[in-house]
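Biologist: Could you take me through one part of this model in detail, please? I would like a close look at the place where the two chains meet.

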There are 2 protein chains.
Amino acid sequence: MTYALDETTRQQRLETFRRLCRERGLRCTVQRRVVLEVVLDLDTHPTADEVFEVVSRRLEGVSRTTVYRSLEGLARVGVITKACHPGATTRYDRRIEIHHHLICLRCDSITDISEAGFDDLAIPDTSAVGFEVKDYRVQLRGICHDCRDQEKKEELG
Amino acid sequence: MTYALDETTRQQRLETFRRLCRERGLRCTVQRRVVLEVVLDLDTHPTADEVFEVVSRRLEGVSRTTVYRSLEGLARVGVITKACHPGATTRYDRRIEIHHHLICLRCDSITDISEAGFDDLAIPDTSAVGFEVKDYRVQLRGICHDCRDQEKKEELG
DNA sequence: TTAAGTGCAAAAGCTTTGCGGGTAG
DNA sequence: CTACCCGCAAAGCTTTTGCACTTAA
């Protein structure tokens, strides 16, 4: 199931993207815009390839390379983020505001959770090691519903 | 710099591994034991290939495949964990107790931090979605020292 | 003895790079 | 105009798989 971002937030994010392009001398190409739109339309923490699939449907002939490059660039300027995950495939996240994740250590799936208790943690001072904190996430790690079912079947088998 | 795990902890972990093997009918092979020892000796959140390099030096002729399979298995039984990261390469972590990470969104580096304030968060009930929480991590995300230097140079260039 | 594990080779999957042609600003 | 960006093809990494041989228990 994919939930739409509310239209205002979506428009604001696209506007932010245009502004950042202007400020940094980047070009607001159709490809980049559609890649951003697609990420905003997915709440699944998609891989680059999953984004490519959807972008292809909306933009005939777009290349996989461009999607990879666009995602990297969009994350770099901060209109989307990379999600932290335990696996071997980069995943992107349309949410840039604070929120948290359920992380399955078996299938690497990521599910958003809201938990007010996690939203106002005091960030320690990391200037001593020269690290500049941009945001944070609490990640609850474990086994998701589907993988638990799987494990039960294997035990019986 | 690599810091040694204190010897007692190291021995306990190896013993746990032997016990888990017995309990689950797995075999305690030299390869698996050395892979575990190597991860315990590294505090760098290594990739499978980094582990392979070190294992190779200690165990002539070991195959990359076996290292990959061993790491997966060790993580499955819980004597090591997978680290959550923003990149495209699985990383392993010798620490299984609660601790937290500085995550660089540019180079994917992971640095351990201890922060007492993060250690006793109240875990929300996720049984409604069938998710079984095993542990959690707070991840402070941003830009590490080296990458900030890099960015400064690029701006000047 | 024998099921589980290993090594090898090959395939599969994900991501980056170099380059010539295209285009937003 | 022209610096930036795109698509293509190819290379480069990382990880998985199938199979025959080996070995821990």
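Modeller: Happy to; here is the interface, starting with the ground rules. This is a predicted model, in which local features need pLDDT of at least 70, side-chain atom pairs count only at pLDDT 80 or more, and totals for chains, interfaces and linings use all residues. Residues are numbered from 1 along each chain as its sequence is written, chains are lettered from A and ligands numbered from 1 in the order in which they are written, and side-chain values use heavy atoms, with hydrogens and water left out.

Chain A superposes on chain B by a rotation of 180° with 0.0 Å of shift along its axis (RMSD 0.0 Å), fitted by least squares on the C-alpha atoms of residues with pLDDT of at least 70 in both. That is how a two-fold axis relates copies. Both copies use the same surface, as 100% of the contact residues of chain A recur in chain B. Contact (heavy atoms within 4.5 Å) links 41 residues of chain A with 42 residues of chain B.

The buried area, meaning accessible area (1.4 Å probe) lost on being put together and summed over both parts, is about 3,800 Å², with 56% from carbon and sulfur atoms. There are four salt bridges between the chains, each a side-chain nitrogen of Lys or Arg within 4 Å of a carboxyl oxygen of Asp or Glu. One of them joins D135(A) and R141(B) at 2.8 Å, N to O.

On the side of chain A that touches chain B, strand 5 (132–143) is among the elements supplying at least two residues, and strand 5 gives the most, with 12 residues; strands here are DSSP runs (E, at least two residues), numbered from the N terminus.

Note on methods: Buried area is the accessible area (1.4 Å probe) that two parts lose on being put together, summed over both. Helices (H or I, at least four residues) and strands (E, at least two) are DSSP runs, numbered from the N terminus.
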